Every structure is written in structure tokens, then in C-alpha cells.
Amino acid sequence: MTCANKLDNRLSIEKSAAGRRGLFCKNPLRSQAAIPAGLRRKTAPRLPELAEFDVVRHYTRLSQLNFSVDTHFYPLGSCTMKYNPRFNEEAAGLEGFAALHPLAHDACAQGTLELIHDLSARLTGLCGMDAITLQPAAGAHSEFTGLLTAKAYFWDRGEKERNEIVVPDSAHGTNPATASMMGFNTVNIASEPDGRLNVEELKKHLGPKTAVLMLTIPNTVGIFESNIEAIAKAVHEAGALLYMDGANFNALIGMVKPGDLGVDLMHLNFHKTFSTPHGGGGPGAGAIACRRHLAPFLPVPMVKKEGPGYVTDFGDGRSVGKVKAFFGNTGVLVKAYAYMLAHSAAEFGEIAECAILNANYVAAKLKDLYPSYSKEYCMHECVLTPGHDLTDKGLKTLDVAKGLLDRGFHAPTIYFPLIVHEAIMVEPTETESKETLDEFVAAMRDIHSQGLADPQALKDAPVTQPVKRLDEVQAARQPNLRW
Ligand SMILES: Cc1ncc(COP(=O)(O)O)c(C=O)c1O
């Protein structure tokens with residue numbers, strides 16, 4: 001390796017050299033005098049002094065350190081890092097969408113209103129629901145919107161005493177978090193070992209105080225809730241609502257309509273099913289779809305067809321109001337719409353089939369070395385565990401995950417779901433090819449061989465990454481949160 005190619009881990013401030021500049025402004029737009037004396041800095045800001053070239057290199061190099069789905073396989077279970085087609089970006093960049101002023105009058109926003117109307121209709125059709133809001137900015141924000149809607153429904157019926165949300169321990173963590181944030185009492189139920197809900201156990205927790213059962217389908221173990229009809233019946237007999245965390249809808253799309261299963265309201269994560277970016281790094285989108293009885297309580301405005309055009313509709317006064325400015329992150333909705341238009345109805349079923357096939361392929365190819373937690377076929381994600389031969393050598397899931405980094409793969413989700421000891425949650429997604437899955441399988445098998453031959457080497461992984469193995473105990477006890 002030549003000196004010039006050596007990985008330079010210094011921060012930009014450490015590369016600073018006094019007086020070095022990228023650009024000299026001869027006539028600064030604002031002179032010091034224009035700033036009131038009281039607001040002027042007493043000392044010069046401590047900024048790195050670098051040539052433009054150094055800055056470009058620094059940030060380009062940092063961007064290359066990014067691990068992304070555009071560069072590598074990213075089997076992060078529960079997060080669904082599927083490929084986001086470039087076609088979506090092009091659609092969202094069309095001037096008519098991108099340059100539309102958010103306060104534009106309905107008459108000037110017909111294209112966007114039509115898109116929202118049509119996207120809503122297609123989504124309610126896929127979910128077997130009657131109404132939908134596309135305002136939420138993410139999955140968790142959708143949960144918030146869903147529970148807000150449910151609360152408004154019960155209050156409208158004079159059932160204010162319904163203040164309990166039942167959540168199984170196999171639920172996604174955002175479910176109980178949202179319930180608590182909304183001021184509900186969270187009632188936790190232990191699920192069966194496969195993550196399914198035991199209907200008799202559920203009945204013991206339902207009553208006049210129950211507002212909602214929140215159920216993640218497929219659950220976090222990647223298994224379909226096959227008792228769903230009996231569950232829905234029990235929930236409805238208790239006068240409560242059945243909420244489906246539909247973030248994992250990429251496992252069901254085109255094959256199952258949650259409305260047919262007795263679900264009253266559900267959320268969708270656009271980044272998981274409809275190939276948009278996850279909101280964590282920028283604008284995201286989610287949705288709450290519901291049955292007719294909940295529709296009046298959804299956020300407003302809605303988009304309604306009136307005559308040949310589309311208008312915004314503020315409902316009959318029972319809405320929970322707004323949960324996001326305007327219509328939510330419409331740029332993300334355009335991307336989801338582009339993805340929908342790129343697939344026929346039959347192809348939606350294929351999306352789910354391929355997501356399920358890929359997860360089961362990985363599970364089957366690794367079952368001799370990394371036994372699946374579940375003994376049955378999984379849906380879109382499989383939950384593996386390190387075999388006894390690895391754990392007998394003192395190796396853990398964390399070591400396997402770190403070993404993957406050295407082999408060019410992002411680590412799967414680990415230690416989640418909480419009900420699985422040493423969980424390795426792999427979600428290959430439907431967009432990966434067999435070749436990529438085979439490379440991943442080979443890497444996992446290689447890690448296993450290394451673990452048996454030289455356990456310490458695996459405990460030291462990663463050795464090829466800019467950041468090596470962290471001292472997790474020290475990081476937890478003495479977190480260093482600033483540079
Ligand atoms: C099952 C499930 N529910 C809820 C969420 C929360 O969604 P978000 O991260 O968009 O808030 C996720 C995350 O992707 C999820 O996998």
C-alpha cells in the first residue's frame with residue numbers, strides 16, 4: 001500500500017494547517033460592521049483550515065465508509081433494507097411534484113392530489129380497508145396516529161374508560177413504546193415460544209378497559225399469526241379494536257388482505273414494503289389504514305374526488321386533526337406510487353413470495369450450523385441462533401455479526417426479538433439474487449469454521465474495518481458521546 005492510499009482516519013480538524021484556505025472571499029457579503037456589536041463573536045470559531053481539495057477528499061472518503069444497500073448486502077432483520085429503484089427518485093424529482101408549493105391552492109395541485117387519491121385507493125384495496133391517511137412520517141409515527149384515532153373513536157362513543165393496550169412480548173418494540181407515550185396502560189402478554197398469541201391467554205387480558213390489541217403480523221419471529229380469526233373474534237367480543245402492526249406487509253402484499261382477517265386498523269411502513277428510504281435518515285412515510293367505523297377520526301385533510309377534479313376534505317369535525325404538516329412527506333409518497341405503478345397486481349404477490357422464499361432459502365442453507373429458532377417455515381425473515389459448537393467455544397451472536405463485517409456484509413439484526421436467546425435475525429428481502437444469498441451463506445459458514453478453528457480470531461473481529469471491536473461494557477458504563 002502506498003502512502004497516498006493509506007486510510008487516513010484523522011478528523012478534518014486534525015488535518016487543519018493554519019492559514020490554509022480553499023476559497024478567499026475578497027468582498028464578504030456581510031462586513032463585521034453589519035453585525036450588532038453585542039452579537040459579534042469574541043473569539044474566532046475553531047474551524048478546520050483546509051484547502052478545498054482536502055475537504056473534497058475528506059468527505060468523499062467518509063462517504064465511501066458508509067455501508068448502504070447500494071453498496072452491500074444488508075440483511076438487517078425487521079428493518080427491510082430492500083433496494084430503492086432509481087426510477088422512484090426520478091418520479092419524485094419531476095418538477096410538478098418537487099416544485100409544488102405546499103400552500104398551493106387545490107386547483108394548482110391537481111396532479112399531487114390525484115396521486116394521493118389514487119395511492120390511497122390502491123393501498124386500501126391491498127389492505128382490504130376502507131380509508132387511509134398518508135400523513136404519518138414513519139412506522140412509529142403511524143402507530144401514534146393509529147392509537148390517536150382509536151382513542152378518538154372510543155371517546156366519541158363515550159367509552160373513555162378503555163385505557164389499556166394489550167401487547168404481546170413478541171411485538172415490535174415501538175408498539176409498547178407508542179402505547180405508553182399515548183398515556184395508555186400497556187398490558188403485556190407472554191406469547192407462545194413461536195411468538196404466536198395463545199387465544200385463551202389473550203382472553204384473560206381482555207375486558208371493559210381494553211382499547212386495542214396491537215399485533216405484529218407476521219410477528220418478529222417471522223411467523224404468521226395463524227390464530228388471527230379467533231384473536232379478532234375475542235378482541236371484538238370484548239368491544240376492543242384489533243390493530244395490526246403491518247410494517248412487515250412485504251410478506252403479505254398481494255396475498256392477504258388484513259381487513260379480511262378482522263383487523264380494524266393497521267399501519268404500513270413505506271420503506272419496508274414500498275421501496276422508499278427509511279425516515280431515520282431523512283423524510284419518511286407511513287400510513288394508517290382502517291375500517292369504515294374509524295374513518296371519521298383519521299387525520300385531515302383527506303383528498304376527495306369532486307366532479308372531474310380533486311379537492312381537500314376536512315371531514316365532519318371528528319378528526320384527530322393533523323399529525324404532520326400538509327399531506328405528510330409527499331416526495332416519499334411519489335416514490336411509493338412509482339413503485340406501485342411499476343408492478344401489476346399479480347406481481348405484488350410475487351414480491352411477498354420472493355421475500356418469503358429468500359428468507360427460507362437462507363434458513364435452509366444454514367440450518368446445520370445456525371439452527372432456526374422456529375421449527376416451521378418462516379415468512380419474510382428468519383431468526384437463526386449460533387449452534388452449540390460455537391457457543392461451547394465461548395462464541396456469541398455478537399462475534400458472528402462482527403465476523404460478517406470483515407467479510408463485506410452488514411450484520412443482521414442481533415439480540416432481537418427479545419424472546420429468542422442469542423437471536424440472529426436475517427431479512428434478505430425480495431430484491432436480492434440467489435448469488436448474493438449464496439455469498440452470504442458462504443460467509444456465515446466461513447465464520448463457523450473460523451470460530452471452531454480459532455475462536456479468538458472471531459472474538460477479535462472486525463479487523464478490516466475503520467472501527468475495530470468496541471469495549472461494549474465500557475461504552476455502556478462510560479459512554480463518550482462527544483468528540
Ligand atoms: C414491525 C415493525 N414495526 C414498527 C417499526 C417502526 O417503524 P419506523 O422505524 O418507520 O418508525 C418497524 C421498523 O421498521 C418494524 O419493523
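Trainee: Why is Asp446 called partly exposed?

Mentor: The model is predicted, so local features need pLDDT of at least 70 and side-chain atom pairs count only at pLDDT 80 or more, while totals for chains, interfaces and linings use all residues. Numbering runs from 1 along each chain as its sequence is written, and side-chain values use heavy atoms, leaving out hydrogens and water. Now the label. Buried means under 20% relative accessible area, exposed means over 50%, and partly exposed is in between (1.4 Å probe, protein chains only). Asp446 has 39%, so it is partly exposed.

Trainee: What makes Arg407 and Asp446 a salt bridge?

Mentor: The term requires a side-chain nitrogen of Lys or Arg within 4 Å of a carboxyl oxygen of Asp or Glu. For Arg407 and Asp446, the closest N and O atoms are 2.8 Å apart. The pair links distant parts of the chain: Arg407 sits in the loop between H14 and E11, Asp446 in helix H15, 39 residues apart. Arg407 has 23% relative accessibility, so it is partly exposed.

Trainee: How many salt bridges does the structure hold?

Mentor: It holds 21. One of them joins Asp118 and Arg122 at 3.0 Å, N to O. Both residues lie in helix H4 (residues 110-127), 4 residues apart, about one turn of the helix. Helices here are DSSP runs of H or I with at least four residues, strands are runs of E with at least two, and both are numbered from the N terminus.

Trainee: Why do residues four places apart in an α-helix point the same way?

Mentor: An α-helix has 3.6 residues a turn, so residues three or four places apart point the same way.

Trainee: How do you know that helix H14 is largely enclosed by the rest of the structure?

Mentor: Count its buried residues. In H14 (residues 397-406), 8 of the 10 residues are buried, so the rest of the structure largely encloses this helix. Among them are Leu398, Val400 and Leu404. Contact means heavy atoms within 4.5 Å. The buried residues of H14 pack against elements including helix H13 (388-391), strand E12 (424-426) and helix H15 (434-453).

Trainee: Why is Arg196 called buried?

Mentor: Its relative accessibility is 12%, so Arg196 counts as buried. Arg196 lies in the loop between strand E3 (185-189) and helix H7 (199-205).

Trainee: What makes the pairing of Arg196 and Ser226 a polar contact?

Mentor: A polar contact is a pair of N or O atoms within 3.5 Å; within protein, one must be able to donate a hydrogen and the other to accept it, and residues adjacent in sequence count only if both atoms are side-chain atoms. The side chains of Arg196 and Ser226 are joined at 2.9 Å. The side chain of Arg196 also makes a polar contact with that of Glu376, at 2.9 Å.

Trainee: Why is Val473 called partly exposed?

Mentor: Val473 is at 49% relative accessibility, so it counts as partly exposed. Val473 lies in helix H17.

Trainee: How many helices and strands does the chain have, and why is the chain called as compact as a globular protein of its length?

Mentor: The chain has 17 helices and 12 strands. Its radius of gyration is 26 Å, close to the 23 Å that the globule rule gives for 483 residues, so the chain is as compact as a globular protein of that length. The radius is taken over C-alpha atoms, and the rule is 2.2 Å times the number of residues to the power 0.38.
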